[in-house]
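Me: I would like a close look at a single part of this structure. Please keep to one region and describe what surrounds it.

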Amino acid sequence: MHHELRVLDMNLLLVFDAIYRHRRINSAAGELATSPSALSHALSRLRTTLGDELFVRQGSHMQPTARAHVIAPGLSAALNAMSESLRSANVFRPENSTQTFRFAVTDYTAAVFFPALVTRLQQTAPGISVKAIYSTGYDSLEDLATGKVDFAIGFQTPEMRHHSQLGVIEGFRDDYMVAVSSRHPRITDNLTLEQFLAEGHVVVNPWNEARGTIDQELEKLNIRRRTVVELPSLLSAPAIVANSELITTLPERAMATLFSSEALTCFKVPFSVPAYALNVYFHNARSVTPGHYWMRERIQELMNALNHKAAT
């Protein structure tokens with residue numbers, strides 16, 4: 001039983017996991033408190049034992065091989081389970097915990113979610129810290145599976161594929177709004193579909209997808225908008241729109257949180273579009289610790305409060 005493990009130095013599994021998550025020898029060595037040369041030597045031993053390159057250097061990055069991608073999810077979950085088994089005797093006490101929780105976010109999801117979460121944590125668990133990591137996709141499944149993040153804050157579209165290993169905390173719903181400069185020469189009291197299509201658009205596209213929700217709905221109507229500026233972040237969108245004749249379409253909470261009410265005027269989208277649905281995702285196999293359960297409960301409470309606030 002466990003023949004593969006008997007011929008393997010278990011410490012090398014930690015080396016594999018660290019390199020897979022960081023993709024850099026120096027970063028992985030820093031996490032494991034060893035030197036880059038020692039880590040490279042350990043990787044060489046692991047390659048010999050498993051008979052595979054595992055990681056191929058591309059510039060300063062270490063790109064996983066096909067076999068490494070197969071090994072990584074199960075190994076990461078197993079290491080997490082072993083770590084938690086060793087800590088299982090410790091009862092999670094939020095008021096005394098110094099645990100760090102990592103969240104995959106975009107600037108929008110961080111702006112509308114993080115302030116309220118941090119406020120609550122400071123009141124009940126001041127020793128806990130949170131780390132935001134820029135999101136790589138709608139649900140950041142790979143980051144969750146490999147343990148790079150504990151939670152991912154993202155949105156869900158009807159076409160999104162559901163994964164059996166992915167847990168979801170239902171979040172809030174948000175209507176899309178169109179923002180224009182308060183000094184816009186053509187759009188003043190209302191916004192028609194003809195006006196919407198006649199203007200140039202600022203499109204925020206954090207995941208570089210081919211078509212976002214707005215363009216998918218326009219495609220159903222056999223029409224397209226004219227994209228003039230495409231951004232990976234919404235932080236510069238308010239300034240661009242306020243100082244030009246371009247317009248942008250974003251969730252209403254983004255407008256309220258990040259946009260100046262004096263510089264911009266907001267209108268309802270002049271066609272049918274589904275509400276923005278923000279959810280929090282976690283990996284079922286990795287979210288088995290008391291700390292994770294506690295944080296999930298806090299997130300659910302926060303989402304309930306945000307929904308209640310929006311309804312009143």
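What volume does the second largest pocket have? Please go on from there to its lining and to the strands that contribute to it.

Reply: The model is predicted. In it, the second largest pocket has a volume of about 630 Å³.

The lining of this pocket consists of 30 residues. Those that lie nearest the pocket centre are Val203, Val204, Gly212, Asp215 and Arg225. By class, 14 residues of the lining are nonpolar, while eight are polar and eight are charged.

Five elements each supply at least two residues of the lining. Two of them are helices, α6 (107–124) and α9 (213–220). The others are the strands β9 (200–204), β10 (226–231) and β11 (247–251). The largest share comes from α9, with four residues.

Histidine 201 has isoleucine 247 of β11 as its bridge partner. Both strands of this pair are among the elements that supply the pocket lining.

For context, the chain as a whole has twelve helices and 13 strands. It comprises 312 residues, of which 46% count as buried. Of the contacts in the chain with a separation of 6 or more, 77% are between residues 24 or more positions apart.

The volume of the largest cavity is about 30 Å³. Its lining is made up of Leu144, Val149, Asp150, His283, Arg286, Ser287 and His292. By class, two residues of this cavity lining are nonpolar, three are polar and two are charged.

To return to the part you asked about: the second largest pocket is lined by 30 residues, with α9 giving the largest share and with β9, β10 and β11 each supplying at least two.

Note on methods
Residues numbered from 1 in each chain as written. Predicted model: local features only at pLDDT ≥ 70, side-chain atom pairs only at ≥ 80, totals over all residues. Heavy atoms only, no water. 1 Å grid on protein atoms, 1.4 Å probe; cavity = no way out; pocket = protein on both sides within 12 Å on 5 of 7 lines; lining within 4 Å. Points joined across faces, edges and corners; volume = space filled by probe spheres on them. Nonpolar A, V, L, I, M, F, W, Y, C, P; charged D, E, K, R; others polar. Pairing = 2+ DSSP bridges. Buried < 20%, exposed > 50% of the residue type's maximum accessible area, 1.4 Å probe, protein only. Contact = heavy atoms within 4.5 Å.
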